[in-house]
Amino acid sequence: MKKVLVVDDDLQIAELLGDILAIDGHAVDHAANGRLALEKVSAVSYDLILTDMKMPELDGPGLYHEVENRWPELARRFVFLTGDAYAQV
(Lines give C-alpha, C1' and ligand atoms only; values in the text may rest on other atoms or scores of the structure.)
Protein backbone atom coordinates (compact mmCIF):
# COMPACT_ATOMS: atom_id res chain seq x y z
CA MET A 1 0.00 0.00 0.00
CA LYS A 2 1.28 3.45 -0.93
CA LYS A 3 0.34 6.78 0.62
CA VAL A 4 -0.84 9.11 -2.17
CA LEU A 5 -1.74 12.80 -2.12
CA VAL A 6 -4.13 13.99 -4.84
CA VAL A 7 -4.03 17.77 -5.32
CA ASP A 8 -6.82 19.19 -7.46
CA ASP A 9 -9.29 22.04 -7.08
CA ASP A 10 -11.93 20.03 -8.96
CA LEU A 11 -13.47 17.85 -6.24
CA GLN A 12 -15.01 15.39 -8.71
CA ILE A 13 -11.67 14.70 -10.37
CA ALA A 14 -9.88 14.42 -7.02
CA GLU A 15 -12.50 11.96 -5.75
CA LEU A 16 -12.40 9.91 -8.96
CA LEU A 17 -8.60 9.63 -8.81
CA GLY A 18 -8.81 8.78 -5.12
CA ASP A 19 -11.41 6.07 -5.74
CA ILE A 20 -9.32 4.49 -8.49
CA LEU A 21 -6.22 4.49 -6.29
CA ALA A 22 -8.15 3.13 -3.30
CA ILE A 23 -9.45 0.21 -5.39
CA ASP A 24 -5.80 -0.68 -5.96
CA GLY A 25 -5.27 -0.62 -2.18
CA HIS A 26 -3.61 2.75 -1.73
CA ALA A 27 -4.31 5.22 1.08
CA VAL A 28 -5.33 8.55 -0.45
CA ASP A 29 -5.46 12.10 0.92
CA HIS A 30 -6.84 15.12 -0.96
CA ALA A 31 -5.90 18.79 -1.05
CA ALA A 32 -7.82 21.44 -3.00
CA ASN A 33 -4.73 23.52 -3.86
CA GLY A 34 -0.97 23.68 -3.45
CA ARG A 35 -1.06 25.65 -0.19
CA LEU A 36 -3.20 23.01 1.50
CA ALA A 37 -0.99 20.30 -0.01
CA LEU A 38 2.11 21.87 1.56
CA GLU A 39 0.46 21.61 4.98
CA LYS A 40 -0.24 17.92 4.40
CA VAL A 41 3.24 17.19 3.02
CA SER A 42 4.80 18.82 6.09
CA ALA A 43 2.90 16.38 8.32
CA VAL A 44 2.84 13.15 6.28
CA SER A 45 5.39 11.34 4.13
CA TYR A 46 3.79 10.53 0.77
CA ASP A 47 4.96 7.92 -1.69
CA LEU A 48 3.33 9.77 -4.59
CA ILE A 49 1.88 13.24 -5.20
CA LEU A 50 -0.55 13.67 -8.10
CA THR A 51 -1.15 17.35 -8.80
CA ASP A 52 -3.19 19.42 -11.20
CA MET A 53 -1.24 22.06 -13.10
CA LYS A 54 -3.64 24.98 -12.64
CA MET A 55 -5.21 25.73 -9.26
CA PRO A 56 -5.97 28.81 -7.17
CA GLU A 57 -3.55 30.01 -4.47
CA LEU A 58 -0.64 27.74 -5.49
CA ASP A 59 -0.58 25.80 -8.75
CA GLY A 60 1.08 22.44 -9.48
CA PRO A 61 4.44 23.81 -10.66
CA GLY A 62 4.54 26.18 -7.67
CA LEU A 63 3.80 23.27 -5.33
CA TYR A 64 6.54 21.22 -6.97
CA HIS A 65 9.12 24.00 -6.57
CA GLU A 66 8.18 24.54 -2.90
CA VAL A 67 8.45 20.81 -2.17
CA GLU A 68 11.72 20.59 -4.13
CA ASN A 69 13.19 23.39 -1.97
CA ARG A 70 11.91 22.06 1.38
CA TRP A 71 11.99 18.29 0.84
CA PRO A 72 14.14 17.54 -2.22
CA GLU A 73 13.76 13.79 -1.75
CA LEU A 74 10.03 14.14 -2.56
CA ALA A 75 10.55 15.93 -5.89
CA ARG A 76 10.88 12.62 -7.75
CA ARG A 77 7.48 11.51 -6.45
CA PHE A 78 5.40 13.99 -8.49
CA VAL A 79 3.02 13.30 -11.35
CA PHE A 80 1.44 16.32 -13.08
CA LEU A 81 -2.10 16.19 -14.44
CA THR A 82 -4.05 18.69 -16.48
CA GLY A 83 -7.22 19.07 -18.49
CA ASP A 84 -5.50 21.59 -20.74
CA ALA A 85 -4.22 20.60 -24.15
CA TYR A 86 -0.80 22.09 -23.38
CA ALA A 87 1.01 22.64 -20.12
CA GLN A 88 4.58 23.63 -19.33
CA VAL A 89 6.46 23.13 -16.05
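**Exercise 1.** Which residue forms a salt bridge with Asp29, and which parts of the chain does the pair tie together?

*Solution.* A salt bridge requires a side-chain nitrogen of Lys or Arg within 4 Å of a carboxyl oxygen of Asp or Glu. Asp29 meets this rule with Lys3, as their closest N and O atoms are 3.4 Å apart. Strands (E, at least two residues) and helices (H or I, at least four) are DSSP runs, numbered from the N terminus.

The model is predicted: local features need pLDDT of at least 70, side-chain atom pairs count only at pLDDT 80 or more, and totals for chains, interfaces and linings use all residues. Residues are numbered from 1 along each chain as its sequence is written, and side-chain values use heavy atoms, with hydrogens and water left out.

**Exercise 2.** Where do Arg70 and Glu66 lie, and how many residues apart are they?

*Solution.* Both are in helix 3 (residues 60-70), four residues apart, which is about one turn of the helix. By the same rule the count comes to two salt bridges.

**Exercise 3.** Is Arg70 buried, partly exposed or exposed?

*Solution.* Buried means under 20% relative accessible area, exposed over 50%, and partly exposed in between (1.4 Å probe, protein chains only). Arg70 has 46%, so Arg70 is partly exposed. Glu66, with 27%, is also partly exposed.
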